[in-house]
Structure formats: structure tokens, C-alpha cells
Amino acid sequence: MLISKDFLAGLTFMVLGLAGLIIARQYDMGTPRMMGPGYFPWLLSAGLMLLGAVIFVQGVASKAREPLEKIHWRPVTLVTLAIFLFSVLIERAGLIASLVLLIGIGSYAGKEARWREVVILGVALIAFCVAVFVYGVKLPLTLLPG
Amino acid sequence: MLDNLLLGFSVALSGVNLFFCFLGALLGTLIGVLPGIGPLATVAMLLPITFYLDPVTALVMLAGIYYGAQYGGSTTSILVNLPGESSSVVTCLDGHQMAKQGRAGAALAVAALGSFFAGCAATLLMILFTPPLAGIAERFQPTDYCALMVFGLVAAVVLAQGSPLKAVAMVILGLLLGLVGTDVNSGDRRYTFGLIHLADGIEFVALAMGLFGIGEIISNLEKGSTRIVAEKIGRLWPTREDFRRSAAPVLRGTILGSLLGVLPGGGALLSAFASYTLEKKLSRTPEQFGRGAVEGVAGPESANNAGAQTSFIPLLTLGIPGNALVAMMAGAMMIHGIQPGPEVMVKQPGLFWGLIVSMWIGNLMLLVINLPLIGVWVRLLRVPYRLLFPAILTFCAIGAYGVNNSTFDIGLVALFGAIGYYFIKIGCEPAPLILGFILGPLFEENFRRSLLLSRGDWSTFFQRPLSIFFLTLAALLLALIILPSMRKARENVFAEEQS
């Protein structure tokens, strides 16, 4: 198959390098003697793009291609979603509500979640966090909405 | 010398530091035992907590986690054939075979005693060699620093696993990410996309937690769980024969580990592998390796502990972290406003000597607590991952918030978790990225200064002996990977690990 690990890796680095390069051009380059803020980023981005190209070519030309491992969508989507929701809710809905969502959604990112366990674990974890982080360490977190 | 040691002891033996040393060592052993969570992720998770601690205490605890994990990792390797920590992979080979032969206790004891010996020796080496090294480091010019960092980054890549080209690319990406924020020289904002939260740069803790903590969790969830069956422990004390056969491997492992640990990219993992290979080559009965040869446990276990400790030397003397884990320690120091480098020894002698002494104390604690607690560790292995990882998620999320009271940082954790997962899928290790991230600003500063001092003359990097030395070494290392014969040899070393 064409889309091997190296293919994607090379492509990724080329794109990132190019992006870095384009953005770096907007900053003052200066001279080697008096480097502007754009100089070093430009150098690095150029290097990244070059490396990306080499990796990409390797990926296309080489006979031994490491195929892309199967992407399981559930773990990555649910974990990312859970943390993101937590970040949105923690200041608006309070710690307890956001933890409920984090633990609830996060637990189901794995294949073996059992709802009874999730509930017990959730209660235990929330109690622990409230005790340690709010009362112990005194993080400025609101517990409940409003 | 004696004054320094006394200072070190007085700092290390304070109640708070003793407690956190113990806590770190215990935690380290715990996560070393539990597969699916390693010292990198744990250190990343605990970084926010270190905020509330003294800098010394923070470092003492984090260091404890590192070498504690080496002790803990051997337990699972021997009993369950699952490496709890990456450097314990080698111990699985012979350690588990010994366990199957009913000699788990002996293997565990040999591992613990060998590790303790190595820990003592490594501490002694640190005490003897860090002052002169720091002295040399003070004479470093910006060009020397640049050359050293290039060497360090190249070495970290070459000695690491996986495709070197991709690792270099990750390093460069890390360097770029390290530059995000406000440029010190000009005051301009770079790569911030107008986001005010990025004005001070990407929060290191969030990046680390996302890449290592969350990324690892996502990868683990994909794999599904494995049934954990532990062997019985049996007689705890090794036989006289075991002692006789282990003595030389322990000594060799310690020396090898101490040397390899100091190298950039070195540390526990490389040392353990090298020691196993060495012992197999030197043994009169190499066919026994893989079948329960006690030398295959004694050597690598000593090496990994020595390597873990001496990998602190470049950080404490030159201010340059040699591997991702020590880079986290550098991050922790910077969080407390301490710039790692040769001045640390002079300006913060309490921190410096206290840390070194506490490493020895930690080793002692580990020896004493580990052997009796092995039964407990084994029982803990039965905790299913599906209960463990939500807890890790929670601590990461709250921890990320705690650093700056910023929900943006939590979002960063989520983002870098997904990014870390993506990179693992395309075959790029996240560890080199962290190294680049930590070194980015420092590298740019020295690079700028070098060219400023030389008035734009690029040959300045090839003028001072030190910088020529490091650049040549870096070039040699690069050649090593490019030469096909060397490439094969390197692949073989890592292939042994995969099997």
C-alpha cells in the first residue's frame, strides 16, 4: 500500500515545516550577526521540511514499507473529548460536574467498561479529588455550578 | 568535599525531604510495577504538585520516581514477564525464566542487591566527578554550548529506538515548539496565532502530560488488556552460587551503566541492553542466557540503576538534559525559577548536594522496603487497567489546571494527547520532541550569541577545540547510522528487544 508510516510521517513533517517557514517569514529576519526573531525558526522549519521530504521519499521508494497500524477511533476520540469537555466545564459547571463527565466518558474509551464499576470509581475519585485538591492543596476550584 | 557532603546530608535528612524521597521511591516502585504507566508519564503528572514544594524537595521526589521505577520494573519482569518499565525488558529474558524454575526470590534479591550496589557506586561517582565537570562547564563559550547541544540531540536520536531520521525531525519539531511565545531579544510574539495564552509559550507541563500521559493511555486502550499471571516467589535469598556468579556482572554492569548514563541519550534503557549483550559475550556458557542465567539479571539490573543516576550528571553540571526524563527534571527546575547549568552547584549548593545525597538515601530505602513489600506489589498487579486509567486521566486534567489556573492548558493536554497518539501511529517517538522543546530557547540564545560575538562569522563554530570536538562526535554518530553495516548492527540490538 502506498500510505505507509513513512509516507505519512514525511508528509506531516513537510507540511509542518512549510507552515513554520511561511509564518517565520513574517517576522524580522535580521542578519546572521544580528538575528531577528524569524531567523532561527526559519532555519529549523527549513530543516524540518527537508527531513520530511527525505522521509517521504524513503516511504515511497523503499520496498519494506511499514504499513499504518489500524487506527482505533474510539479510544482517541473519547479520551480527547472527555478532557476537552472537562476544560470547558470546570470553570462554568464546577469540579464535580466536570469530573462526572470526564470519568464517565473517559472510562468508556476502553472496551471493558462496566457501568457499575464506573459509578463506584467515579464516586471514589471525585471524593478523593475534592479532599486532596480543593481542601488539601486549596486549588481555586468551584465545586458546584454558579 | 566533606563540607559539601555534610551540607548534602543535612538537606537530604530533613523531615520533609526524607518523606518526599520515600514517597517518590515508593511511587516510582509502584508505577514501575504497574505496566501501562511509566516514570515519564508519572513525572509529567506530578510536575504540577511540585509547584507547592521546595525546589529540592520536588527534585528529590521526582528523582526517586525515576530510580524507584527501575527497582519496580524488575519485579514485574521477573514475576510476570511483563516489563513494567522499558529498561526492565532485558530482565524479562532471564529473570522470568528463573521464576519459572522456582527461583523468583533469588532473581528478585539479586536484582535488588545489584541495583543497590550500583546506586551507591553511581552516587560516589557523582560526588567525585560533578565538581570538576561543572568547573569545565563554566568555561564553555556559546559556541561550545551549541556544539554540545547538537551532539546531545544527535546522540539522543542515534542511541534511541526507531527511525533516526524521524527522531531528528521530532527533535526539530520540539525545538520549534519551544520557540512558541515571546522572543526574549526582540519582544515579538512568535507562532502564537494571536492567542494570549501562548504569549509565555506552550506550557511545558501540559505538553508533557499530553504527549506522555494521555498519548500512552490512548495507545494502551487500543491494545486491550492482558491477563496477568504471576509466578510464585519461592525462596527469597540467593544461593552462594548465585552470589559468586553475580559478583562480576554487577561490577561490570555498574561501570557500564555509569558510563553510558552520562552520555546524551543514555540512561537506564541503553545501559541495561549493553550490559546484557556484554555479559552474554563474556560468559563461558552463553547458551544459558535466555534460560535463567543469573548473570542476565545481575548485570542489566545494576546497569539500569547506575545509568538512571548518572544521567543526572549532564543536567547538574552542564545544564543539558541527556534524555527525556531528565529533561522533565530540567523543566521542574525551570518551573521553580532555577536555570540548570554549572551555576547551580555554586548558587544552590544545598539543592545540588542535597539531591545527590538523597539519591543514595533513596536507594537504601528502596532496598529495605522493596523486598518485604513484593507480595503487595504482586497483588496490585491485579488492578485492572480499566480502573486505573480514568484515575490517571483525572489527575492529568486537574494537574494541568493547577499549574496556571488555566483551562487553556487542559485543552492543550487534550490536543497533545491526540497529537502524541498520531505521532505514535506514524512511527515517531514523542520523547525526542520533549528534549528539543526544553533545549529550544537555550539553543537559540547560544546560537544567536555565538554569531553575535563572531560578528556573523559562521566559522566560529569550528574554531574552539571544545566545539570542534562535539561537532565531530556528532558527525561521527550521524555517520554511524548512515553506514549500512552499522545500521544493521543497531537494528539487531533493538530486534533482540522486540523478541
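This is a predicted model: local features need pLDDT of at least 70, side-chain atom pairs count only at pLDDT 80 or more; totals for chains, interfaces and linings use all residues.
Local features were taken at pLDDT of at least 70 and side-chain atom pairs at pLDDT 80 or more, while totals for chains, interfaces and linings use all residues. Residues are numbered from 1 along each chain as its sequence is written, chains are lettered from A in the order in which they are written, and side-chain values use heavy atoms, without hydrogens and water.

Four cavities of 30 Å³ or more were found; a cavity is a set of points on a 1 Å grid over the protein atoms alone where a 1.4 Å probe fits but cannot get out. The largest cavity has a volume of about 80 Å³, a volume being the space filled by probe spheres set on the points, which are joined across faces, edges and corners. Its lining (residues with an atom within 4 Å of a point) includes Tyr71(B), Ser115(B), Glu301(B) and Asn370(B). Helix 4 (55-80), helix 6 (104-138) and helix 16 (349-380) of chain B each give two or more residues to this lining, and helix 6 of chain B provides the largest share, four residues. Helices are DSSP runs (H or I, at least four residues) numbered from the N terminus. By class, six lining residues are nonpolar, four polar and one charged; Ala, Val, Leu, Ile, Met, Phe, Trp, Tyr, Cys and Pro count as nonpolar, Asp, Glu, Lys and Arg as charged, and the others, Gly among them, as polar.

Helix 16 of chain B also packs against helix 1 (residues 2-12) of chain B, the axes coming within 7 Å and crossing at roughly 70 degrees. Axes are lines fitted to C-alpha atoms, for helices over the stretch in contact, with angles from 0 to 180 degrees between N-to-C directions. The two helices are therefore roughly perpendicular (65 to 115 degrees). The residues of this contact (heavy atoms within 4.5 Å) comprise nine nonpolar, five polar and no charged.

Helix 4 and helix 14 (residues 324-335) of chain B pack at about 170 degrees with axes 10 Å apart, which makes them roughly antiparallel (over 145 degrees). Their contact has nine nonpolar, no polar and no charged residues.

Over all chains there are 14 salt bridges, each a side-chain nitrogen of Lys or Arg within 4 Å of a carboxyl oxygen of Asp or Glu. One of them joins Arg103(B) to Asp242(B), with the closest N and O atoms 2.8 Å apart. Arg103(B) lies in the loop between helix 5 (89-100) and helix 6 of chain B and Asp242(B) in helix 10 (residues 240-262) of chain B, so the pair ties together parts 139 residues apart in sequence.

Notes: On a 1 Å grid over the protein atoms alone, a cavity is a set of points where a 1.4 Å probe fits but cannot get out, and a pocket is an open set with protein on both sides within 12 Å along at least five of seven lines; lining residues have an atom within 4 Å of a point. Angles under 35 degrees count as roughly parallel, over 145 as roughly antiparallel, 65 to 115 as roughly perpendicular and the rest as oblique.
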